[in-house]
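Reader: Please walk me through the features of this model, giving the general idea first and then the case at hand.

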Amino acid sequence: GAPSKQEQACLAAVSREANNGEVTVLRSEFSQANTVVMVGVGAQRAPWRCLVSNSGVVQEVSYAGGAG
């Protein structure tokens with residue numbers, strides 16, 4: 001199905017942060033307060049972690065892969 005508004009917000013935020021428009025949702029973990037969306041960037045699907053409120057406001061974006 002289509003990405004949720006939380007996932008859409010994270011895709012946009014990660015795309016900006018990583019300066020790469022090739023983004024895909026790897027998985028989402030919903031909770032009462034916030035949702036963690038793992039986003040893959042680029043052909044290698046480099047893992048990025050996005051924390052988003054249930055209203056769709058991105059709280060935090062960070063690279064989640066190892067060095068290299």
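Author: Let us start with accessibility: a residue is buried under 20% relative accessible area, exposed over 50%, and partly exposed in between, using a 1.4 Å probe and protein chains only. Before the cases, note that this is a predicted model, in which local features need pLDDT of at least 70 and side-chain atom pairs count only at pLDDT 80 or more, while totals for chains, interfaces and linings use all residues. Residues are numbered from 1 along each chain as its sequence is written, and side-chain values use heavy atoms, leaving out hydrogens and water.

Reader: How confident is the predictor, and in which strand is confidence highest?

Author: pLDDT is the predictor's confidence in each residue, from 0 to 100. The chain averages 95, and 97% of its residues score at least 70. Confidence is highest in β3, at 98, and lowest in strand β1 (residues 23-30), at a mean of 96.

Reader: How many disulfides are there?

Author: A disulfide is a covalent bond between the sulfur atoms of two cysteines. The working rule is a pair of cysteine sulfur atoms within 2.5 Å, and the count comes to 1 disulfide. It joins C10 to C50, with the sulfurs 2.0 Å apart. C10 lies in helix α1 (residues 5-18) and C50 in strand β3 (residues 46-53), so the bond ties together parts 40 residues apart in sequence. The torsion about the S-S bond is about -75°, so this disulfide is left-handed.

Reader: What does C50 touch?

Author: Contact means heavy atoms within 4.5 Å. Leaving aside residues up to four places away in sequence, C50 touches C10, V14, T35, V36, V37, V58, E60 and V61. C50 is buried, with a relative accessible area of 0%.

Reader: Which residues make up the largest nonpolar core?

Author: In soluble globular proteins, nonpolar side chains tend to be buried together. A nonpolar core is a set of buried Ala, Val, Leu, Ile, Met, Phe, Trp, Tyr and Cys residues joined through side-chain atoms within 4.5 Å. The largest one has 10 residues: A9, C10, L11, V14, V37, V39, V41, W48, C50 and V52.

Reader: How do β3 and β4 pair?

Author: Two strands pair if DSSP finds at least two bridges between them. β3 and strand β4 (residues 58-63) are antiparallel over 5 bridges, and L51 stands opposite E60 in β4. The two strands form a hairpin with 4 residues between them, and G56 in the turn has a positive phi of about 95°.

Reader: How many aromatic pairs are there?

Author: Rings of Phe, Tyr and Trp (its six-membered ring) pair if their centres lie within 6.5 Å; planes under 30 degrees apart count as stacked, over 60 as edge-to-face and the rest as tilted. The structure holds 1 such pair. W48 is buried at 13% relative accessible area, whereas Y63 is partly exposed at 42%.
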